[in-house]
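Please read this briefing with the model open beside you, and look for each feature as it comes up.

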Amino acid sequence: MEYFESHAHYDDRRFKHDREELLGELLPASGVSHIINIGCDVKSSEMSVRMADKYDYIYAAVGVHPHELYDMSSQTIEKLRKLSDHKKVVAIGEIGLDYHYDTHPREFQRFWFIQQLRLAEETGLPVVIHSREASQDTFDIIERSKVRRGSIHCYSGSAEMAKEYVKMGFHIGIGGVVTFPNAKKLVEVVEAIPLESILIETDCPYLAPAPNRGKRNDSANLKYVVEKIAEIKGVTAEKVAEITKKNAEKLFLK
């Protein structure tokens, strides 16, 4: 089986000591055919582009996460615009809202989310959306925008809202949380939407699935996500891997 990793952070310091071994040998050997490395600020976006230059099977998303808006300005948007011209930049992200920690005022978060959605509109690139404890505001802002392609990463909303995102044209990112014993809500999401609207992801180094929960995550753990989705959908793991790979290729690479 081949797995398309739609959301990873291999620029993270937790990969400092074995990044080259993982990306150069171990992950391709475990069936990982593609990786989208996701930017969280200008620095990580630039590093994502450098990794995409170095490895054929890695692509980059560029954007500023709602936790990382400290130096956000129109100049930042211009830096992201310049990065988005790179041939292996395939999305604007990870962008969105995070009301869990309220690291930045909510109105400030909403303003810069809208500006980055406008950048996606202008570049024609899909988006990678982060939303934590901000489901309705995130949905409403996206609905008012012209963006209709992207991944709702690490989805945590309701099944009803997931169906509305799918109607708009978005894909739902499913990661290791779906394997957790208390993941009833996310299981309902997977049940409610078509397999053709699902992307698989790890969000590594975070959110390792069972049986590796609590450990550093990496894309080799996608197999556990695929197996759980297959169980929920009543299909083979091979089918889940194949269809989610096609979904990601269509969204990011065509």
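In this predicted model, the largest pocket is lined by 44 residues, and those that lie nearest its centre are His130, His153, Asp203, Tyr206 and Leu207. Several elements give two or more residues to this lining, namely α2 (42-54), β4 (89-98), β5 (127-132), β7 (171-174) and α7 (184-192).

**The pockets**

- The largest pocket has a volume of about 1200 Å³, and the residues of its lining divide into 14 nonpolar, 14 polar and 16 charged.
- The second largest pocket holds about 160 Å³ of space, and its lining is made up of Asp41, Val42, Val64, Glu68, Tyr70, Asp71, Met72, Thr76 and Lys79.
- Sorted by class, the lining of the second largest pocket has four nonpolar residues, one polar residue and four charged residues.

**Strand β2 and its partners**

- Strand β2, which covers residues 32-38, is mostly covered, with seven of its seven residues buried.
- Strand β1 (residues 3-8) pairs with β2 in the parallel sense over four bridges, and Ala8 stands opposite Asn37 in β2.
- Strand β3 (residues 58-62) also runs parallel to β2, to which it is joined by four bridges, and here the bridge partner of Asn37 is Ala60 in β3.
- The chain crosses from β2 through α2 to β3, and this β-α-β crossover is right-handed.
- A right-handed β-α-β unit is likewise made by β1, helix α1 (residues 19-29) and β2.

**The cysteines**

- How many disulfides does the count come to? The count comes to zero disulfides, where a disulfide would need a pair of cysteine sulfur atoms within 2.5 Å.
- As a general point, a disulfide is a covalent bond between the sulfur atoms of two cysteines.
- Is Cys40 buried or exposed? Cys40 has 18% relative accessibility and therefore counts as buried, the cut-off for buried being under 20%.
- Cys204 has 0% relative accessibility, so Cys204 counts as buried too.

Definitions and conventions:
Residues numbered from 1 in each chain as written. Predicted model: local features only at pLDDT ≥ 70, side-chain atom pairs only at ≥ 80, totals over all residues. Heavy atoms only, no water. 1 Å grid on protein atoms, 1.4 Å probe; cavity = no way out; pocket = protein on both sides within 12 Å on 5 of 7 lines; lining within 4 Å. Points joined across faces, edges and corners; volume = space filled by probe spheres on them. Nonpolar A, V, L, I, M, F, W, Y, C, P; charged D, E, K, R; others polar. Buried < 20%, exposed > 50% of the residue type's maximum accessible area, 1.4 Å probe, protein only. Pairing = 2+ DSSP bridges. Right-handed = clockwise from strand over helix to strand, strands pointing away.
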